Amino acid sequence: MSSHIQRHRTQAVKVGKLLVGGDAPVVVQSMTNTDTADIQATIDQVADLARAGSELVRITVNTEAAAKAVPLIREGLDARGVSVPLVGDFHFNGHRLLTEFPACAQALAKYRINPGNVGSGEKRDAQFASMIEIAIANDKAVRIGVNWGSLDKNLVARMMDENARSAEPLDAEQMMCEVMVASALQSAERAEQIGLARDRIILSCKMSGVQDLIRVYRTLAARCDYALHLGLTEAGMGSKGIVASTAALAVLLQEGIGDTIRISLTPEPGGDRTQEVRVGQEILQSMGLRAFMPMVIACPGCGRTTSTYFQQLAQDIQSYLREQMPVWRQRYPGVETMDVAVMGCVVNGPGESKHANIGISLPGTGEQPAAPVFVDGKKTVTLKGDNIAAEFQAIVDDYVQTHYGDQAAGV
């Protein structure tokens, strides 16, 4: 998949066997919401997220029970053949948990440290240093993740006082940006002074407002070459969270800013946690930055398409492609770039179908009850009757096998 977006040049960071930053593609990551001490539930959810395409999965490590569980979770995932790197999310007591549970420190691929929640005063410096030293000893990457809801109060007070005494003080929004960026960069500088290599550091400055997030990351990117993790924190539920995250991240990604992304959606009660992975993938794929699964092109419907048949077929084909991708990704390299068009009437149906790898133009209201199918721009068959869905799915399967499988390679 091609894109003309010029990426902001950053340090490449190795997280497990995964590269983040540099020339590596933008990485999609996610986070579990299980109690990490519940080993089986956490293994199951990490596996689900990885199967959906999450390339990094963050887990909460907040108690002794959680820290003890981490190496067992890693072992359980490895036994299932799930190699996705695990990121430990630490707040308040990370220095103690990493020190007291060395197997936890070793099993994780990356530590997430929030400089606002490490401690205060002299304890803060010592506790931060302890976590960095453990990362160095275990050759682990570190994300220094600043969050506007948990900033270092001493840093905020000092910078606000300095701003108040300035001849040309910044406004509140500008100061919030400056404090966030200062917290990230000063913490990164301190980590390097302790001995953590620059190519082991990832930074993030998460905000919950779209314009605030754009402002702070533009500033951060202009002042450093660390790999950057993007995410709109507390994005919200449903369409609100999806729209807000897309609006913020699309602007930054278009400007070449961002090396990893996470879509922080609040799931519906009992909802599917993997939705945040799919949204992240769809943002990157829609922008031409990466390809994760075949794209289904479908019209919105109008007065010409009073039948819901094309809507059902589009939904069924999209669900089928998503279900097949865990297997297809391994067996049919390149299948993720395939386009499938499911159109509802003659206005744009044939044209869109010809531009897709495979397309079907279903009959609209008053049209002849026939559905021409186009493969790579050429009409190959016209489907009729009650088995159109099954026959079209068979055509898709055949196309995948002949264009991306062993037959395509001439084997």
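Serine 54 touches Val28, Gln29, Ser30, Leu49, Val84 and Val277 when residues up to four places away in sequence are not counted, a contact being defined by heavy atoms within 4.5 Å. The model in which these contacts occur is predicted, so that local features need pLDDT of at least 70 and side-chain atom pairs count only at pLDDT 80 or more, whereas totals for chains, interfaces and linings use all residues. Residues are numbered from 1 along each chain as its sequence is written, and side-chain values use heavy atoms, with hydrogens and water left out.

Serine 54 is placed in the loop between helix H1 (39-52) and strand S4 (56-60); helices (H or I, at least four residues) and strands (E, at least two) are DSSP runs numbered from the N terminus. With a relative accessible area of 5%, serine 54 is buried, where buried means under 20% relative accessible area, exposed over 50% and partly exposed in between (1.4 Å probe, protein chains only). Its side chain makes a polar contact of 2.7 Å with the side chain of serine 30. A polar contact is a pair of N or O atoms within 3.5 Å, of which, within protein, one must be able to donate a hydrogen and the other to accept it, and residues adjacent in sequence count only if both atoms are side-chain atoms.

For the protein chain as a whole, 13 helices and 17 strands are assigned, and the C-alpha atoms fill a box of roughly 80 × 55 × 40 Å along the principal axes. Of its 411 residues, 51% count as buried. Among contacts with a separation of 6 or more, 67% are accounted for by residues 24 or more positions apart.

Helix H7 (residues 172-194) contains glutamine 186. This helix has 23 residues and reaches 33 Å from its first C-alpha to its last, close to the expected 33 Å, the expected span being 1.5 Å times one less than the number of residues. At the N-terminal end, aspartate 171 caps H7, with a side-chain oxygen 3.2 Å from the backbone nitrogen of glutamate 173, and just after H7 glycine 195 takes a positive phi of about 130°. The buried residues of H7, including Met175, Cys177 and Val179, pack against helix H5 (121-138), strand S7 (141-147), helix H6 (153-165), strand S8 (201-206) and helix H8 (210-223). Glutamine 186 itself is partly exposed, with a relative accessible area of 39%, and touches Leu155 and Arg158, residues up to four places away in sequence again not being counted. The C-alpha atoms of glutamine 186 and aspartate 225, which are 39 residues apart along the chain, are separated by 14 Å.

Glutamine 6 is located in the segment before strand S1 (13-15) and counts as exposed at 66% relative accessibility. Although glutamine 6 and glutamate 255 are 249 residues apart in sequence, their C-alpha atoms are 7.3 Å apart in space, and glutamine 6 touches both Glu255 and Gly256, with residues up to four places away in sequence left out of the count.

Positive phi values also occur in residues other than glycine. Aspartate 139, in the loop between H5 and S7, has a positive phi of about 55° and counts as exposed at 55% relative accessibility. Aspartate 376, found in the loop between strand S16 (371-375) and strand S17 (378-383), has a phi near 50° and is partly exposed, with a relative accessible area of 40%.
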